[in-house]
Amino acid sequence: MKEKLLILCLLSFFATIVVAQQPHIIVPDSSLITTDRDSLNIIMEQSKREQELKNTMTPVVNDSIKIYPRFTNWRINERTGERYTATPDTLLYNYQHTTLVDGKSVAMGYLGNLGSPAISKLFFDRGEKSHFFFYDAYYPYNQDVETQLFFNTRVPYSRINYQRAGGDIDKEERLQTRLTMNFNRHLNVGFDLDFINAKGFYASQAAKQNNFSAYANYLSDRVEVHAYGSQTSATNFENGGITDSTFITNPELIEQNFSSRDIPTRFTDTWNRMKTNQYYLSARYNLGYNEPTLDPEEKEFVPVASIILTSRFKQQYRRFLSYDTASVTLPDQTNVQAIDTLYKNRYYNSAVDDSTRFSTLKNTLALSMREGFRDWVKFGLTVFIEHESRNFNLLDTIGNGRYEHKEQATTIGGILSKQQGKHLRFSADADLGVLGENIGEFRINGNVETMFNIAGRQANLSGQAYIKNLKPKFLEQQYHSKYFWWNNNFSDTRRVYVGGKLSIPTTKTTLSVGVENIQNFIYFDANKQPFQDGDNIQVVSARIDQDFRAGIFNWNNSVVYQTSSNEEAIPVPMLSAYSNMFIKTQIAKVLTLQLGVDAHFHTKYYAPGYEPAVLQFYNQRDKEIGNYPIMTGYANMHLKQIRIFAMMYNIADFVMKPNYFSLPNYPLNPTLFKLGVSVNLNN
């Protein structure tokens, strides 16, 4: 890891020197920090459109990237290549929180180690399952074209993040780097790296990830091109969880000294491996006209419509392998391997070695009419046709052979949106499967937002709704491995959701509510196999986010209420909360200091279990998790282009009886010290 850090630092420095330009400050200086929550607001104030984004707190389509004077970043819609404004990941406020899995949601469940599979305990935080559902378990780390930040910079920009915890035996490290630069005003190229090496604080728990992505964009009046490619790999050693929770909850009952790595686990020498390669290209050709400006020698291009072509190829591979093969004799005199004793079924006799491959090629052709090219054109309209080819490869006969399954799917759809103006914005999109495997599948999504005054204070109101009829995924229908083998015939899943959000920026209050009805919901049941519940299930959620400030004292809170009409199908904690109490001040007008303590908490409930053999979270009814805060004491510092954090993680057991389980049989890391630094290198 030290060698990788040195090499990447030298590469970033060299690239900055090679393309040296006139110095500019890209990332805000400490002396410019405002009273707002974080220093990103300084950059936002450089653009009226970015300020509107801050006020509405929803993504806004941005077709005028040139308005940003120093640098701009955005995300794109995978299907159409449309650009959406996005904030840069240079957070000062709560920087330490972004380095934790817990920071991905108010309530998270994971295996305790950085880089391990994770799931949000808030139901509405979970998206649709992908066709290769093994990939979903790593969602906090997954790289994808729709989450990638694209840049247009006036100067080269590079960033290095490094965090470290633990000693040599249980060391946890993460190194993230970014380098992006413009070769001219049209062309930008960038590279991101993310390395995770976490040996784990419990036996057989190590996690390692090597993620690389390259991206580029070319923007001109007529032509807009985005290119993206990534290669990711994740290796997660599996221990099946600890065998006795007494080691965590009542360590005094263990009549010997022990460390966390001495706690017995269900198995050893077992791991999951995941690899994903993906490549993406979108091209837009804009049709329009040149409009005279105040300068008679210059004309401004006004786009009217666009022809869009996008193409994406993704290739994925997952392998479950175990060397936990010591011979064990069962009561019926059958000889099996040690790991086999933990499973009811064995569909082949050799050492477990399950692998599944998946690839998909998706092409989309779209036509788009731009919003606002004339005063009377109050909305934008896009129509598209999309074809996808999917290929699956998995075990077939018992112990030998492979089975290949191919799918073709054709989808048509459209997008209607109004994203200009501050009093009313809306968007609606729909797609319908017309040929192939997804015939009859459809999605209709809509959202609307408006702005008004309450007692003289600005308020933002937004609503969202969708109706979906979803075909079951192939791996939910059919999967073959040593311990799990199913062939299902599930029906379509129907989902209807309505929700809304009220935000009052002056009081720093946000209220959110949502309700969803689901029929034929598919989940992994207590037998760790896919199961479809034919009844209607309702999930209701209400959330309040409230921040307080008095001088340098700050107290930020999020509280989420959830209820499910069928807890066996969709178990959720009734209350989840995040609270962060801190002081934020400046020292000598150059050093910003944030010093505080925060905590995540949720009530007891039957949290999902985790099954390594299928890399899935399943609904168990044996053990409840919750009623225990995950507390962290921390300090954040910001000096010029450098951010530093130091924290003591999981400190609640100093004041209460320890019970820090994130999932059944999976405790979080014990109390430990973490340190991290982020350096932005700008010429």
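Helices are DSSP runs of H or I with at least four residues, and strands are runs of E with at least two, both numbered from the N terminus. In these terms, aspartate 269 of the predicted model is found in the loop between helix 4 (246-249) and strand 11. The backbone at aspartate 269 has a positive phi of about 50°, although this residue is not a glycine, and with a relative accessibility of 42% aspartate 269 counts as partly exposed, because that class covers the range between the limits of 20% for buried and 50% for exposed residues. A positive phi, of about 75°, is also found at asparagine 665, which is not a glycine. Asparagine 665 lies in the loop between strand 33 (661-663) and strand 34 (666-667), and its relative accessibility of 26% places asparagine 665 among the partly exposed residues.

For the chain as a whole, five helices and 35 strands are assigned. Of the 683 residues in the chain, 53% are buried, and the accessible surface comes to about 29900 Å², with 58% of this area belonging to carbon and sulfur atoms. Among contacts with a separation of 6 or more, 64% are accounted for by residues 24 or more positions apart.

Strand 7 (residues 172-182) and strand 8 (residues 187-198) run antiparallel and are joined by 11 bridges, while a hairpin of four residues leads from strand 7 to strand 8. Within this pairing, methionine 181 has valine 189 in strand 8 as its bridge partner. Strand 8 is in turn joined to strand 9 by 12 bridges, again in an antiparallel arrangement, and here isoleucine 196 stands opposite glutamine 209 in strand 9.

Glutamine 209 also belongs to the lining of the largest cavity, together with residues including Tyr135, Tyr138, Asn211, Thr232, Ser233, Ala234, Met274 and Thr276. Two or more lining residues are given by each of strand 9 (207-219), strand 10 (223-237) and strand 11 (270-292), and the largest share, three residues, comes from strand 10. By class, the lining of this cavity holds five nonpolar and seven polar residues, with no charged residue present. The space in the largest cavity amounts to about 90 Å³, and the count of cavities of 30 Å³ or more comes to nine.

How values were computed
Residues are numbered from 1 along each chain as its sequence is written. This is a predicted model: local features need pLDDT of at least 70, side-chain atom pairs count only at pLDDT 80 or more; totals for chains, interfaces and linings use all residues. Side-chain values use heavy atoms; hydrogens and water are left out. Buried means under 20% relative accessible area, exposed over 50%, partly exposed in between (1.4 Å probe, protein chains only). Contact means heavy atoms within 4.5 Å. Accessible areas come from the Shrake-Rupley method with a 1.4 Å probe; for residues, only the protein chains shown count as cover. On a 1 Å grid over the protein atoms alone, a cavity is a set of points where a 1.4 Å probe fits but cannot get out, and a pocket is an open set with protein on both sides within 12 Å along at least five of seven lines; lining residues have an atom within 4 Å of a point. Grid points are joined across faces, edges and corners, and a volume is the space filled by probe spheres set on the points. Ala, Val, Leu, Ile, Met, Phe, Trp, Tyr, Cys and Pro count as nonpolar, Asp, Glu, Lys and Arg as charged, and the others, Gly among them, as polar. Two strands pair if DSSP finds at least two bridges between them.
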